[in-house]
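The sequence and the structure are shown first, and the description follows.

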Amino acid sequence: MSIASRGATMAVDWEQRIDFPRLRSERLQKAKQALLASDLGALLLFDPNNIRYVTSTHIGEWARDKNARYVFLPREGEPILWDFGSAARHHQLYAPWLPTESFRAGVTPMRGAMPVETGVPDALGARIAHEMTEHGVAGEPLGIDIPDMVTLEALQRAGVHVTDGTRVMLEARKIKTVDEIALLDHAAGVVDAVYEQIYRTLRPGVREHEVVADAQRLLFELGSEQVEAINAVSGDRCNPHPHVFSDRLLRPGDQAFFDIIHSFMGYRTCYYRTFNVGGVSQSQLDAYKQCREWLDAAIELVRPGMTTDQIAAVWPTAEELGFPNEEACFGLQFGHGLGVGLYEAPMISRLHSLDHPAVIEEGMVFALETYCAATDGRSAARIEEEVVVTADGVDILTRFPAEELLVTGKVYVRGADLLADSEARLQTS
């Protein structure tokens, strides 16, 4: 299956681009297959990423942290989505890929804002118990992903046996379809453009949060649905990595790194790049070179059949990085799956992969990221690439140049250099 004009988002009649009906159908089928392969009778999903994967519906980032909508997916039959008020009616009108009866209005405890006294939690519990009976799976385990405690207790009062359902959905989402890969590729392409803008923006006098604001604007202009986070870390904030931006003013010679996490049509990026502002020191160059070597060593190993312990083994130990244990530096040398969620299979780290390896499979998409502190005690380099596992290796989705450290801002020319250049011209004249 070939997809033409990657990077184009408009539907046309004259070539095959991303096939959204196929995307919807294949995602739901994969979720059903994973459920049938499990010991669960049904799934109850609150995670917006899982809801979108199963139903191909989305009501914006307002819903991401409220647990305000949920999906019941039985072993046999179509999913049922209880959505926030009139959103259910909207789906009935404009989401014909599921029967109209799949979309229903419903209220959840919304992380305890609707407590037991309102009757809402127990109404939800009774509703799910009824659907378990209607679908012939009463008494079987119900897999759930991220309910709040109020909902969990209500399900237990209703006599529903609840257990983990996240593993089923992660299995369904592990191998990407051709359309998912195309969307992940486009999401990364949007960030390519943002890094071009950041490269042209960085100079002394700019503040970290101004870079973040400017990047967010361009992301949304280019079609992003959600900007989850933009890390902007510079100067003495680079070491240790604080994982958050600030109002710090950039200064000449600063090392600065950025991470852009956004979603396009539900598909995510995690994409670091490092720059220097107006100048560079030897220790900063050395840190970047080492960071790149650790990353390239990991990428070189990625292919079907490789195991995650072999990849993690090429990264330095916590002690070599100056930390007491792997938990203390978790995430600095790291790999994680990408899809509708930021963290999917496979997860790769020295903390867990050495003892619990997973097999790399064709069709996986994941990010690999490395970090190296400079010997100056304040600077650090951070680089990340997103890869698609192919039959014989990888394709890299993240294309903004990162093989060598780029210096941004004004190029300062020393008088001594001009004098030396002038003298050299006189000698050759």
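Met-265 is partly exposed, with a relative accessible area of 33%; the term covers values between buried (under 20%) and exposed (over 50%), calculated with a 1.4 Å probe on protein chains only. The model is a predicted one, in which local features need a pLDDT of at least 70 and side-chain atom pairs count only at pLDDT 80 or more, whereas totals for chains, interfaces and linings use all residues. Residues are numbered from 1 along each chain as its sequence is written, and side-chain values use heavy atoms, with hydrogens and water left out.

**The chain as a whole.** The chain has 429 residues, of which 52% count as buried. Its secondary structure comes to eleven helices and 16 strands, taken as DSSP runs (H or I of at least four residues for helices, E of at least two for strands) and numbered from the N terminus. The C-alpha trace spans about 95 × 55 × 45 Å along its principal axes. Among contacts with a separation of 6 or more, 66% join residues 24 or more positions apart, a contact being heavy atoms within 4.5 Å.

Most residues other than glycine have a negative phi, and most peptide bonds are trans. The table lists exceptions in this chain.

| Site | Feature | Value |
|---|---|---|
| Asn-67 | positive phi | near 50° |
| Met-265 | positive phi | near 50° |
| Ser-56 | positive phi | about 55° |
| Asn-239 to Pro-240 | cis peptide bond | omega near 5° |
| Ala-345 to Pro-346 | cis peptide bond | omega about 0° |

Met-265 is placed in the loop between strand S8 and strand S9 (267-268). Asn-67 belongs to the loop between H2 and strand S2 (70-74) and, at 8% relative accessibility, counts as buried. Of the two prolines, Pro-240 lies in the loop between strand S7 (226-234) and strand S8 (255-264), while Pro-346 is found in strand S12 (residues 344-348).

**Helix H2.** Eight of the eight residues of H2 are buried, so this helix is largely enclosed by the rest of the structure. The buried residues include Pro-48, Ile-51 and Thr-55. At the N-terminal end, Asp-47 caps H2 through a side-chain oxygen 2.9 Å from the backbone nitrogen of Asn-49.

**Contact of H1 with H2.** The axes of helix H1 (residues 20-36) and H2 come within 6 Å and cross at roughly 110°. H1 and H2 are therefore roughly perpendicular to each other, a class that runs from 65 to 115 degrees. H1 contributes Arg-27, Leu-28, Lys-30 and Ala-31 to the contact, and H2 contributes Arg-52, Tyr-53 and Val-54. By class, these are four nonpolar, no polar and three charged residues.

**Contact of H2 with H6.** Helix H2 (residues 48-55) packs against helix H6 (residues 166-173) at an angle of about 55°, with their axes 11 Å apart. That makes H2 oblique to H6. On the H2 side the contact is made by Asn-49, Asn-50, Tyr-53 and Val-54, and on the H6 side by Met-169, Ala-172 and Arg-173. The residues of this contact divide into four nonpolar, two polar and one charged.

Conventions
Axes fitted to C-alpha atoms, helices over the stretch in contact; angles between N-to-C directions. Parallel < 35°, antiparallel > 145°, perpendicular 65-115°, else oblique. Nonpolar A, V, L, I, M, F, W, Y, C, P; charged D, E, K, R; others polar. Polar contact = N/O pair within 3.5 Å; in protein donor to acceptor, adjacent residues only side chain to side chain.
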